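Subject: A structure for you to explore

Hi there,

Here is the structure I promised to pass on to you. Have a look at it first, and then read my notes below.

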Amino acid sequence: MDKKVAARDAPVDRGYLVGIIFFILGLGTLLPWNFFITASSYFEDRLNTTRLENGTYVEGEKYYFKSWMTLLSQLPLLVFTLLNSFLYQRVSEGMRIAGSLIFILLLFILTAVLVVVRMEVDGFYSLTMATIWFINSFGAVLQGSLFGLVGQLPQKYSAIFMSGQGLAGTFAAIAMLISIASKAPPEVAALGYFITPCVGTLLTLFSYLLLYRLEFAQYYLNKNVKYEAGTTDELLTEGGMLENGKLNGHANGSVTSEPPKVVIAGKCDEERSSDHTKQAFLSLEQVEKSQARSSVVQVFKKIWVMAFCVTFVFTVTLSVFPAVTADVKTSADSGNWKLYFTAVCCFLIFNINDWLGRTITTFIRWPKKESKIFPLLVVCRVVFIPLLMLCNVQDRYYLPVFFHHDVAFCIIMAIFSFSSGYFVCLSMSYAPQLVEPKDSETAGALMTFFLALGLSIGAALSFPLRALV
């Protein structure tokens with residue numbers, strides 16, 4: 001089916017409800033984890049085992065929470081996005097999406113309950129690490145499934161979905177600012193960090209359940225089935241096998257022993273009937289083959305450029321954010337500004353511009369998916385690594401500070417984050433356009449794996465890069 005014809009015949013997205021739903025679905029995929037990592041100060045406070053003995057403070061066991069949180073979040077994200085790319089056809093979409101949302105909701109309820117429940121530090125640490133693993137495992141399946149789902153709709157819906165993902169980080173950054181301004185105790189702030197994602201996850205679940213009730217979504221998400229059925233009827237009719245809604249020689253489901261006959265130009269011609277029957281079944285077999293999904297390897301060969309782009313963008317981004325950028329200190333002497341500097345100049349600026357970069361792809365999509373300039377621009381983003389390392393990162397041992405002023409850091413961060421959101425969104429929305437509609441879900445699942453691969457490589461590179469400063 002021609003895509004332009006399909007778009008012309010498609011029903012209208014009334015009230016832009018499908019767009020709103022995918023925005024909420026995008027927000028719901030990343031909102032829980034963004035709020036979880038925002039509460040890192042709460043976890044570190046709970047795991048602080050420093051105690052007073054004979055008038056002196058004694059350091060207890062060190063848990064290295066941030067390092068283990070990074071590892072136990074990236075590893076399942078990578079493993080389960082890869083598994084989802086191969087096994088998603090064996091598990092129903094509803095089970096993968098709705099089931100993942102329900103388990104994420106239960107895990108956040110458990111985390112919120114633990115805020116008010118006192119327990120041994122070792123037990124709390126083990127339970128928290130297990131929670132991190134499972135939240136990211138279900139989050140990987142959820143994200144991969146939703147990217148595959150939105151890939152079946154027109155391209156702008158992928159941009160809308162990713163715009164929702166970008167806004168999740170902005171909400172978390174605003175929550176961090178509110179927490180600093182209110183001077184709330186870590187436990188109170190953490191409770192807010194964990195209850196908010198529970199509400200967001202419930203809203204995401206209800207939005208997904210509403211999606212298939214909308215005619216616009218039904219048309220695109222069931223398009224392959226409709227196309228196959230319509231083409232089959234047309235071929236059978238052309239082959240002379242359907243007449244007045246029933247199959248010649250098979251009236252009322254009965255099968256006759258005589259070969260099917262077709263009346264052509266007012267006379268019965270068994271030889272021509274047999275030829276047309278063979279031609280109809282041959283055409284039907286061709287349609288069935290064309291509707292069969294391609295293998296993962298075949299799909300990858302078509303989208304490998306976009307897979308490289310999304311991997312490289314996140315490798316560059318995660319290699320310095322937040323490991324390097326969060327350690328940049330203000331050059332101002334104001335005490336109040338020092339409290340807000342990291343939250344505003346690092347996290348808020350990054351998340352707002354990342355969201356703007358994703359959102360603008362709804363209106364502007366340059367370069368085109370076939371352009372060789374696109375991967376070249378993605379590779380050029382590597383320049384941001386030395387630029388950010390030369391900002392006022394403290395403590396530092398090897399490199400000099402070249403950009404002392406806060407404004408310089410803010411400008412670099414704004415361009416860095418905007419380009420990250422823009423190129424990631426283009427890569428993820430272009431990939432399903434490079435394959436047949438029947439393979440768009442496979443392409444979306446594969447791209448999610450390469451997104452996770454970029455996150456993992458970037459997180460691994462952040463340790464040596466921070467040490468080089």
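What percentage of the residues in the chain do buried residues make up? Buried residues account for 50% of the 469 residues. Please keep in mind that this is a predicted model.

**The chain as a whole**

The chain has 17 helices and 6 strands. Its accessible surface is about 22,900 Å², and carbon and sulfur atoms contribute 65% of that. If you take the contacts between residues at least 6 apart in sequence, 82% of them join residues at least 24 apart.

In soluble globular proteins, nonpolar side chains tend to be buried together. Here, the largest nonpolar core has 123 residues. V18, F22, F194 and F416 are the ones with the most contacts inside that core. To see one of them in its setting, click on V18: beyond four places in sequence, V18 touches D13, L153, Y157, L211, L214, F216 and A217.

**Helix α4 and T81**

Next, find helix α4, which covers residues 65-87. Its 23 residues should span 33 Å at 1.5 Å a residue, and the C-alpha atoms at its ends are 32 Å apart, so the two values agree. The buried residues of α4 are F65, M69, L72, S73, Q74, P76, L77, T81, N84 and S85. Among the elements that cover them are α2 (17-38), α3 (40-46), α5 (93-115), α6 (121-150), α12 (296-320) and α17 (440-468).

Is T81 buried or exposed? With a relative accessible area of 1%, T81 is buried, because buried means under 20%. Where does its side chain find polar partners? A polar atom of the T81 side chain lies 2.6 Å from the backbone oxygen of L77, and the T81 side chain also reaches the backbone oxygen of L78 at 3.0 Å. Setting aside neighbours within four places in sequence, T81 is in contact with P76, A140, A445, T448, F449 and A452.

**S417 in helix α16**

S417 sits in helix α16, residues 406-430. Its relative accessible area is 0%, so S417 is buried. Apart from neighbours within four places in sequence, S417 contacts I349, F350, N353 and D354. S417 and L356 are 61 residues apart in sequence, while their C-alpha atoms are 9.1 Å apart in space.

**Cysteines**

How many disulfides does a search of the whole structure find? The search finds 0. Two cysteines to look at are C198, which counts as buried at 11% relative accessibility, and C425, which is buried with a relative accessible area of 0%.

**Some backbone details**

Which kind of peptide bond runs from F321 to P322? That bond is cis, with omega near 0°, and P322 is placed in the loop between α12 and α13 (335-360). The bond from W366 to P367 is cis too, with omega near -5°. P367 lies in the loop between α13 and α14 (373-380).

Finally, turn to Y16, in the loop between α1 (3-9) and α2. Y16 is a residue other than glycine with a positive phi, near 55°. At 33% relative accessibility, Y16 counts as partly exposed.

Enjoy exploring!

Best wishes

Definitions and conventions: Residues numbered from 1 in each chain as written. Predicted model: local features only at pLDDT ≥ 70, side-chain atom pairs only at ≥ 80, totals over all residues. Heavy atoms only, no water. Core = buried A, V, L, I, M, F, W, Y, C linked by side-chain atoms within 4.5 Å. Buried < 20%, exposed > 50% of the residue type's maximum accessible area, 1.4 Å probe, protein only. Contact = heavy atoms within 4.5 Å. Helix = DSSP H or I, 4+ residues; strand = E, 2+ residues; numbered from the N terminus. Polar contact = N/O pair within 3.5 Å; in protein donor to acceptor, adjacent residues only side chain to side chain. Disulfide = S-S within 2.5 Å. Areas by Shrake-Rupley, 256 points an atom, 1.4 Å probe, with all protein chains shown as cover. Expected span 1.5 Å × (residues − 1).
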